[in-house]
Amino acid sequence: MANWTKIDQTVKRWIQEAGTNIRASFTNSLTIQTKSNPNDLVTNVDQETERFFIENIRSHFPDHRILGEEGQGDQIKSLDGVIWMIDPIDGTMNFVHQQRNFAISIGIYEDGIGQLGYIYDIVHDELYHARKGQGAWMNDTPLQKLEQVPVETAILGISATWLINNRHFDQNKLIQLAKDVRGVRSYGSAALELAYIASGRLSAYITMRNAPWDFAGGKIIVEEAGGIVSTISGEEIDMLSINPVFAAAPGLYEDILKKYLS
């Protein structure tokens, strides 16, 4: 049986070390490559950070498996056992162009159930973290359970990409939602936007394409804060596939799902 207290303490130590290394890289030249398209970036720091976590996990927890964005982990075909889902830098474009609005994201699952979640906003030194059944925290401060927010006073996290013609969803429904809420924001980092749901900085978050490493840590944190995370049709998320993701506080979740996403 996994010792979650030990794992939690160890991960937090690794995250702080990785964050220190990433901050130190700000004054160095980056090696930047593209992946699936010219806007899908990866840097040497992404790769080095993922390698740092993988080497430590394999050294300390050799029976655990790893799903990492940069492909240095394992080939995961099932959710059996303990699996770490890691995005070493979520928001790489922000990291490259702004040196802010990016985060380390880690979700640790056991037989498909989220046990530990972490999102570290390195620049602001804000570590959002949660353990199943024990609530969510930002650094040493517990996050209050999310309360219902009406649509008209909600702040929605959504990329403008989904408010124009696209092949994934009827943009007109989302345009109406964007008109009805109090405000719309886009931070360019799924992990941070989920952390902001958990902390109440955002009321809802919608995207049409997130990979498991994008939302694995945030899903646990949002749920421990009392929020709901699902696909945009209200179904359980497939933790091994690219998914549309919808996260919101209770009450607001049901309102948006019924009025705008169905």
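**Salt bridges of the predicted model**

Arg58 is partly exposed, with a relative accessibility of 39% (buried is under 20% relative accessible area, exposed over 50%, and partly exposed in between, with a 1.4 Å probe and protein chains only). This is a predicted model in which local features need pLDDT of at least 70 and side-chain atom pairs count only at pLDDT 80 or more, while totals for chains, interfaces and linings use all residues. Residues are numbered from 1 along each chain as its sequence is written, and side-chain values use heavy atoms, leaving out hydrogens and water. The whole structure contains 5 salt bridges (a side-chain nitrogen of Lys or Arg within 4 Å of a carboxyl oxygen of Asp or Glu).

**The Asp74 and Arg58 pair**

- Asp74 makes a salt bridge with Arg58, and their closest N and O atoms are 2.9 Å apart.
- Because Asp74 sits in the loop between strand S3 (65-68) and strand S4 (82-90) and Arg58 in helix H2 (residues 44-60), this pair ties together parts 16 residues apart in sequence (helices, H or I, of at least four residues and strands, E, of at least two are DSSP runs numbered from the N terminus).
- Asp74 is partly exposed, at 27% relative accessible area.

**The network around Lys219**

- Salt bridges link Lys219, Glu223 and Glu236 in a network.
- In the bridge between Lys219 and Glu223, the closest N and O atoms are 2.9 Å apart.
- Both Lys219 and Glu223 belong to helix H6 (residues 212-224), 4 residues apart, or about one turn of the helix.
- Lys219 is buried at 7% relative accessibility, Glu223 is partly exposed at 33%, and Glu236 is exposed at 63%.
- Glu236 bridges to Lys219 with closest N and O atoms 3.6 Å apart.
- Glu236 lies in the loop between strand S13 (228-230) and strand S14 (243-248) and Lys219 in helix H6, so the pair ties together parts 17 residues apart in sequence.
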